[in-house]
Amino acid sequence: MDAQAVSVVVAGLGISGAAAARALARGGERVVVLEATEGERQRAAAAELARLGVEVRFGEPALPERAEIVVTSPGWRPGHPLLTAAARAGVEVIGEVELAWRLRGEGSAPWLALTGTNGKTTAVRMLASMLSAAGRKALAVGNVGVPIVEAVAEPYDVLAVELSSFQLHWSSSIEPLAAAVLNVAPDHIDWHGSMEEYAAAKARIFANAGVVVYNADDEWSTRLAEPYGSRVGFTLGVPRPGQLGVVEDLLVDRAFTPDPVASAEELCGLADVRPFAPHNVANALAAAALARAYGVPPEAVRRGLAEFVPDPHRIAHVATVGEVDYVDDSKATNPHAAAASLAAYPSVVWIAGGQLKGADVDDLVRRAAPRLRGAVLLGTDRETIRRALARHAANVPVVDVPGQDTGVMDRVVAEAARLASPGDTVLLAPAGASLDMFASYGARGDAFARAVHRLAES
């Protein structure tokens with residue numbers, strides 16, 4: 001055999017790429033990893049993989065001869081020259097998720113999978129907590145935490161799998177025991193090419209699922225579930241038979257009960273959902289539907305929610321200063337997420353801005369206008385939001401804070417405090433990505449929290 005020949009090409013040396021290369025090498029495959037960037041982190045990862053017999057080639061990626069399959073990292077667009085070259089050569093391209101599914105051993109853990117534009121990480125962690133409360137050895141994996149290709153090699157009872165549209169695009173044969181689409185709103189259109197293609201990627205999660213869980217309050221989620229017979233809906237309203245929903249202050253199940261037409265089972269109270277907000281209740285209902293599909297009893301759903309610890313920067317209360325609440329939802333990096341966050345509070349001074357990635361904010365501003373008491377704008381695309389506010393909320397005072405340095409946040413918080421009155425919420429829900437000014441949405445949220453604490457001390 002030609003020493004240069006390879007069986008598997010791994011495109012990218014990120015977390016999922018390195019995990020895929022390790023799994024394949026341990027399985028005896030001949031693996032070459034292609035990576036364009038040769039930085040300190042990449043060289044360290046290459047040295048680790050070299051000990052397993054994996055070659056890493058730095059520079060402009062080119063398809064090696066005799067490659068039989070390409071495993072691509074989620075961030076690589078379908079139009080990347082390497083991937084189009086593979087398609088022309090008849091070489092199959094899959095992602096790490098699809099690889100993990102194919103590498104599962106006999107009797108391996110079933111998957112409970114979910115996707116959505118927003119809420120994925122919160123919902124999958126809620127689900128893992130419910131499964132653990134039921135006494136199952138469970139793990140949240142996928143687009144969060146441990147790569148799936150590593151998790152499938154371990155003896156778990158069940159996996160709670162978060163999947164992005166990028167991961168689903170490269171997945172074709174996965175068969176979750178149950179799968180959910182939380183919501184679908186415009187996002188990553190630059191990657192997928194159109195809203196229809198983005199939604200089609202999300203729909204892949206349903207293709208081979210045993211139970212299809214959809215959001216009855218979300219038009220796209222409902223539409224994507226329509227072709228399937230074994231459907232379970234969730235809603236913030238009173239549930240119909242075959243749905244989970246809310247009755248007064250309770251989350252109830254009318255889908256997995258002995259007689260869904262005549263009876264419902266109480267799962268938990270609204271007070272068990274933390275942090276409380278309508279969109280987080282929807283996340284809890286979706287997680288509960290997946291857990292119930294697996295056979296988790298109602299008491300474990302409630303206990304799992306009670307024991308769930310929310311991740312940072314998701315409608316997190318930072319402080320109360322002068323009878324004004326300051327809330328960090330820096331994770332609201334698109335208009336759909338920001339809309340859900342704004343809907344949770346009746347009187348808001350809104351901190352917004354960042355990289356909108358071409359997203360339209362008119363509908364967001366139009367719907368939020370009645371609850372806005374002021375807006376403070378920062379970041380690259382703040383002018384787009386300012387114009388939308390002028391069109392749809394002309395009576396709302398707006399402060400534009402220029403500058404691209406991270407120290408801008410102190411001025412932003414000071415201006416928000418000036419606009420706020422007792423009883424208001426100053427809400428960081430940017431509706432845009434953070435990389436114009438910050439290393440991540442987490443760094444943006446941390447900067448906001450520090451500025452709030454400095455305000456409290458002044």
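Helix 4 is largely enclosed by the rest of the structure, because six of its eight residues are buried (buried means under 20% relative accessible area, exposed over 50%, and partly exposed in between, with a 1.4 Å probe and protein chains only). Helices (H or I, at least four residues) and strands (E, at least two) are DSSP runs, numbered from the N terminus. The model is predicted: local features need pLDDT of at least 70, side-chain atom pairs count only at pLDDT 80 or more, and totals for chains, interfaces and linings use all residues. Residues are numbered from 1 along each chain as its sequence is written, and side-chain values use heavy atoms, with hydrogens and water left out.

The buried residues of helix 4 are Glu96, Val97, Glu98, Leu99, Ala100 and Trp101. Their cover includes helix 1, strand 4 (69-72), strand 5 (92-95), strand 6, helix 6 (148-151) and helix 7 (165-169), where contact means heavy atoms within 4.5 Å.

Two packed helices are described by the angle between their axes and the distance between the axes. Helix 1 (residues 15-26) and helix 4 (residues 96-103) pack at about 25°, with their axes 10 Å apart; axes are lines fitted to C-alpha atoms, for helices over the stretch in contact, and angles run from 0 to 180 degrees between N-to-C directions. The two helices are therefore roughly parallel to each other (angles under 35 degrees count as roughly parallel, over 145 as roughly antiparallel, 65 to 115 as roughly perpendicular and the rest as oblique). Helix 1 contributes Ser16, Ala20, Ala23 and Leu24 to the contact, and helix 4 contributes Glu96, Leu99 and Leu103. These residues divide into five nonpolar, one polar and one charged; Ala, Val, Leu, Ile, Met, Phe, Trp, Tyr, Cys and Pro count as nonpolar, Asp, Glu, Lys and Arg as charged, and the others, Gly among them, as polar.

Strand 6 (residues 111-115) pairs with strand 8 in the parallel sense over four bridges, and two strands pair if DSSP finds at least two bridges between them. Trp111 has Leu159 as its bridge partner in strand 8. Strand 7 (residues 138-142) also pairs with strand 8 in the parallel sense, over five bridges, and Leu139 stands opposite Leu159. Five of the five residues of strand 8 (residues 158-162) are buried, so this strand is largely enclosed by the rest of the structure. In a regular strand the side chains alternate between the two faces of the sheet. In strand 8, Val158, Ala160 and Glu162 point one way, and Leu159 and Val161 point the other way.

Strand 18 (residues 372-377) pairs with strand 19 in the parallel sense over three bridges, and Val376 stands opposite Val399 in strand 19.
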